[in-house]
Amino acid sequence: MLNQRIDSVKARCLEAVSAAIDSRQLNDVKVRFLGKNGEFTALLKSLKDVPPAEKPAAGKLLNEVRVMLEGAFADAETSLRLAEKAARVERETLDVTLSRYDGKQGALHPLTLVKNEIVDIFLGMGYSVVDGPEVEYAYYNFEALNIPEDHPARDVIDTFYITDKILLRTQTSAAQVHTMETLKPPIRVISPGKVYRPDDDATHSPMFQQIEGLVIDEHITLADLKGTLDEFAKRFFSSDTKTRLRPSHFPFTEPSVEVDLSCPMCHGEGCRLCKGTGWLELLGAGIVNPAVLEMSGIDSKKYSGFAFGMGVERATMVKYGIPDMRLLFDNDVRYLRQFR
Ligand code: PHE
């Protein structure tokens, strides 16, 4: 009686083992037969009800079948594992011979390259970079820079107004004012960014980029300005570049200067680029007007400073001898690719 049940459980168990298609199923089968409440375990438990005379034989048979079933499970487990591993290896194979994507790679725009290069030079001199808004209050773009209401620069012809008090900034000098309001001297910052003016020809664009520089400390003089910009020009153009200052006028600097550099094309000999003069105008600069310092809450008796504002497009055109600014904005990739 028990023997028949053992045979039947064994047969069904072996059948279920060979039908299992993965180790999860196999494990379920194992639980069903050999688990705590498994069918085969039930047979083991029923041994206690077998008459004493038959017990030894029944016990031996049960033990043999248990060993045999455990062996069958172990074998099946091994072969299923191997098969699963082989399948995974197959599935996860990486074909390293696949040809690479041969699409075009992008590059930074020449103006971005030049801006980064200029910023880098000033970072190397210990400056920090500050940002300012492009949509600006007239106060920051004009009043706080000593450009009063009736100044011709504030004419609607020269400025994109949004309301009478809000405009697109015409100069990164507006960022100077934010800087002076928030930082305490010593200040040494540059502020790159876009500015807007209603001009449009070969050397002017309604949107262009400037880099503003501002240094405020005790005992800052025009010599510091000249030394800084001379060093900048030597690093940005070439080590034999010379600079000169010419008197100029800006309401927010006093004295004001125009900084020229020896022509990078002819090195001062005189050529088409410098119109035979040997010099090219680079930027506007000057000693920060004490009135501007005071308006932003800086003690002009204790501190002085210099400021400069450089056009990124202008610097790019001078450096690479580009005759027309529009070449930089047309974004013809055949042209831009040369600057990579
Ligand atoms: N903001 C001036 C311009 O846009 C340049 C400048 C900056 C001049 C700082 C002097 C000092 O032309």
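Tutor: Welcome! The radius of gyration is taken over C-alpha atoms, and the globule rule is 2.2 Å times the number of residues to the power 0.38. This is a predicted model, where local features need pLDDT of at least 70, side-chain atom pairs count only at pLDDT 80 or more, and totals for chains, interfaces and linings use all residues. Residues are numbered from 1 along each chain as its sequence is written, and side-chain values use heavy atoms, with hydrogens and water left out.

Student: What radius of gyration does the chain have?

Tutor: Start with the globule rule: a compact globule of 340 residues would come out near 20 Å. The C-alpha atoms here fill a box of roughly 125 × 50 × 40 Å along the principal axes. The chain's radius of gyration is 42 Å.

Student: How many residues of strand 8 are buried?

Tutor: Strands (E, at least two residues) are DSSP runs numbered from the N terminus, as are helices (H or I, at least four). Buried means under 20% relative accessible area, with a 1.4 Å probe and protein chains only. Strand 8 covers residues 279–288 and is mostly covered, with a buried count of eight of its 10 residues.

Student: Which residue in strand 8 stands opposite S262?

Tutor: Two strands pair if DSSP finds at least two bridges between them. Strand 7 (residues 253–262) pairs with strand 8 in the antiparallel sense over eight bridges. Opposite S262 stands W279.

Student: And which residue of strand 9 stands opposite G286?

Tutor: Strand 8 also pairs with strand 9 (residues 304–311), in the antiparallel sense over five bridges. The strand 9 residue opposite G286 is A307.

Conventions. Buried < 20%, exposed > 50% of the residue type's maximum accessible area, 1.4 Å probe, protein only.
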